[in-house]
Amino acid sequence: MAKSKTVFFCKECGFESSKWLGQCPGCKEWNTFTEEPVVKKSASSMAVTKGLKRAEPESLSKVLAEDSERKLTGIAEFDRVLGGGIVKGSLVLVGGDPGIGKSTLLLQVCKQLVERDTKVLYISGEESLRQIKMRAERLGTFKGDLLLLAETNLDLISDTITRVMPQVIVIDSIQTMFREEISAAPGSVSQVRETTGALMHIAKGMGITVFIVGHVTKEGVVAGPRVLEHMVDTVLYFEGENTASYRILRAVKNRFGSTNEIGVFEMKNAGLSEVTNPSEYMLQGKPEDEPGSVIAASMEGTRTILVEVQALVCQTNFNMPRRTAAGTDYNRVNLLMAVIEKRLGIQLSFCDAYINVAGGMKINEPALDLAIVLAILSSYKNKALSSKTIAFGEVGLTGEVRAVNLAEQRVADAAKLGYEVCILPYVNKQNLNIKGIQLVGIRNVKELINQLR
Ligand code: TYD
Ligand code: MG
């Protein structure tokens with residue numbers, strides 16, 4: 001009896017293997033391989049070869065590149081993350097945990113676009129038209145006309161697209177879409193890849209901007225958005241804590257802009273609203289003059305975000321001290337504690353230490369080091385830092401404080417928000433001339449002790 005042909009895929013990154021593997025050689029994740037029927041290549045590549053013209057090269061100087069092919073959505077936080085509006089004919093993946101607000105965000109984008117006379121087709125494979133209508137009603141009245149389609153068969157969808165010719169389409173979500181030629185279930189690696197490939201041809205061929213929603217799934221049978229990251233032009237991740245109402249939109253790949261921009265939103269009753277000043281938002285409810293609390297100036301793309309770093313250092317009651325780090329890198333915190341122990345001679349090995357970046361932001365920037373060290377010292381000594389003080393700087397293994405990038409902007413933005421003192425690397429201070437804020441240049445962590453009262 002002939003065995004039916006199957007192949008194994010990694011759900012995380014799409015790595016292909018002829019046999020099952022415990023650990024994926026591609027992304028090093030464990031237990032991510034699933035078995036899927038082999039995709040007949042002839043069927044899948046048909047669409048590509050159909051109607052193919054002769055391929056002629058074009059000289060670079062003759063290729064027209066108009067930046068005017070961008071369209072602003074009017075949601076400033078969204079436009080910035082995209083690098084200045086949506087690009088015609090681009091394929092944008094919006095990934096995120098289920099329930100984080102991807103459908104809401106894209107429906108709001110659609111609302112803005114139709115108000116700007118753009119023809120938008122919203123294709124949902126997850127919700128009925130009535131459900132979309134109910135959500136739309138929460139977002140307020142639509143001034144333009146949005147076209148809706150509840151369908152999951154991609155061949156029918158692409159037929160609709162060629163008839164309707166929208167300028168922008170939204171696919172919610174890629175894990176529900178399927179093509180009949182492929183025998184694997186919707187959401188499997190082969191389906192997700194094939195449907196994205198077909199959407200890519202629609203985007204590039206007809207100059208339609210395509211937004212694809214992809215759920216991030218740790219467990220389960222659906223393929224994650226990482227499988228298609230390399231196929232799309234832009235990858236945005238929408239993230240946030242379950243406990244906090246704010247959401248962060250982050251670009252992890254962008255062929256048309258920088259990847260370190262973020263957009264900050266807050267989920268409210270009537271959809272997502274933009275947070276134009278994240279620092280104020282992050283510092284809400286900050287304690288005044290308390291030991292263990294330090295404000296750090298961190299950069300996210302071109303914006304300074306001030307966050308509060310908190311540390312709680314207390315005597316341990318166990319053989320092994322407890323250490324936790326929320327919102328920043330655990331290993332980095334351990335390293336910084338070792339630096340304090342060695343360079344300042346403070347015995348932290350008998351202390352539990354809990355580090356927290358308040359507000360739920362996750363920051364892995366070395367510039368946060370100085371604030372972490374200060375917070376630990378402040379909590380250990382039980383002495384507060386003078387209020388209206390911010391700190392930033394990288395700390396090296398010998399305790400030296402090293403320069404960080406964009407120092408001028410960090411200081412200027414902190415001064416604008418009313419901060420009076422800035423503790424920063426000595427090297428950075430040398431090149432700065434900013435009025436209205438006192439600059440304290442630090443060469444080594446040993447000098448930090450003087451800053452505590
Ligand atoms: P949704 O966009 O459906 O998430 P996703 O598409 O990423 O799965 O968002 C769902 C959550 O957002 C849901 O828990 C309810 C909440 N929400 C609001 O708080 N206000 C609103 O106006 C809307 C539309 C949703
Ligand atoms: Mg949804």
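The dialogue below sets computed values against the cut-offs behind the terms.

Mentor: Please keep in mind that this is a predicted model. Its protein chain has 11 helices and 23 strands, and the C-alpha atoms fill a box of roughly 75 × 60 × 50 Å along the principal axes. Buried residues make up 50% of the 453 residues.

Trainee: Which residues are the closest to ligand 1, and how many surround it?

Mentor: The ligand is surrounded by 15 residues, and the closest are Gly99, Ser103, Thr104, Lys268 and Gly271. Helix H3 (102-115), helix H4 (129-138) and strand S13 (262-268) each supply at least two residues of this shell. Helix H3 gives the most, with 3 residues. By class, the shell has 4 nonpolar, 6 polar and 5 charged residues.

Trainee: What makes the approach of ligand 1 to glycine 99 a polar contact?

Mentor: The cut-off for a pair of N or O atoms is 3.5 Å. An oxygen atom of ligand 1 lies 2.7 Å from a polar backbone atom of glycine 99, so the pair is within 3.5 Å and qualifies. For asparagine 269 the distance from a ligand oxygen to a polar backbone atom is 2.8 Å. For isoleucine 100 the corresponding value is 3.4 Å. The protein buries 76% of the 560 Å² that ligand 1 exposes when taken alone.

Trainee: Why is the pair of phenylalanine 15 and phenylalanine 33 called edge-to-face?

Mentor: The structure holds 3 aromatic pairs, this one among them. Its ring centres are 6.5 Å apart and its planes stand at 80°. Pairing asks for centres within 6.5 Å, and edge-to-face for planes over 60 degrees apart; the term therefore applies. Phenylalanine 15 lies in the loop between strand S1 (6-10) and strand S2 (16-17), and phenylalanine 33 in strand S3 (residues 33-37), so the pair ties together parts 18 residues apart in sequence.

Trainee: How do you know which of these two residues is buried and which is partly exposed?

Mentor: Buried means under 20% relative accessible area, and exposed means over 50%. Phenylalanine 33, at 6%, therefore counts as buried. Phenylalanine 15, at 31%, falls in between and therefore counts as partly exposed.

Trainee: Why is the pair of phenylalanine 238 and phenylalanine 265 edge-to-face?

Mentor: The ring centres are 6.0 Å apart and the planes are at 75°, so the pair is edge-to-face. It links distant parts of the chain: phenylalanine 238 is in strand S11 (residues 234-239) and phenylalanine 265 in strand S13, 27 residues apart. Phenylalanine 238 has a relative accessible area of 2% and is buried; phenylalanine 265 is at 2% and counts as buried.

Trainee: What makes arginine 443 a charge over the ring of tyrosine 426?

Mentor: The distance cut-off is 6 Å from the ring centre, with a further limit of 35 degrees from the ring normal. Arginine 443 lies over the face of tyrosine 426 at 3.7 Å from the ring centre. Arginine 410 lies over the face of phenylalanine 392, at 5.4 Å from the ring centre.

Trainee: Why is threonine 304 called buried, and what does its side chain contact?

Mentor: Threonine 304, in strand S16 (residues 303-315), has a relative accessibility of 10%; this is under 20%, so the residue counts as buried. Its side chain makes a polar contact of 2.4 Å with the side chain of aspartate 413.

Key
Residues are numbered from 1 along each chain as its sequence is written. Chains are lettered from A and ligands numbered from 1 in the order in which they are written. This is a predicted model: local features need pLDDT of at least 70, side-chain atom pairs count only at pLDDT 80 or more; totals for chains, interfaces and linings use all residues. Side-chain values use heavy atoms; hydrogens and water are left out. A residue is near a molecule or strand if one of its heavy atoms lies within 4 Å of it. A polar contact is a pair of N or O atoms within 3.5 Å; within protein, one must be able to donate a hydrogen and the other to accept it, and residues adjacent in sequence count only if both atoms are side-chain atoms. Accessible areas come from the Shrake-Rupley method with a 1.4 Å probe; for residues, only the protein chains shown count as cover. Helices (H or I, at least four residues) and strands (E, at least two) are DSSP runs, numbered from the N terminus. Ala, Val, Leu, Ile, Met, Phe, Trp, Tyr, Cys and Pro count as nonpolar, Asp, Glu, Lys and Arg as charged, and the others, Gly among them, as polar. Rings of Phe, Tyr and Trp (its six-membered ring) pair if their centres lie within 6.5 Å; planes under 30 degrees apart count as stacked, over 60 as edge-to-face and the rest as tilted. Buried means under 20% relative accessible area, exposed over 50%, partly exposed in between (1.4 Å probe, protein chains only).
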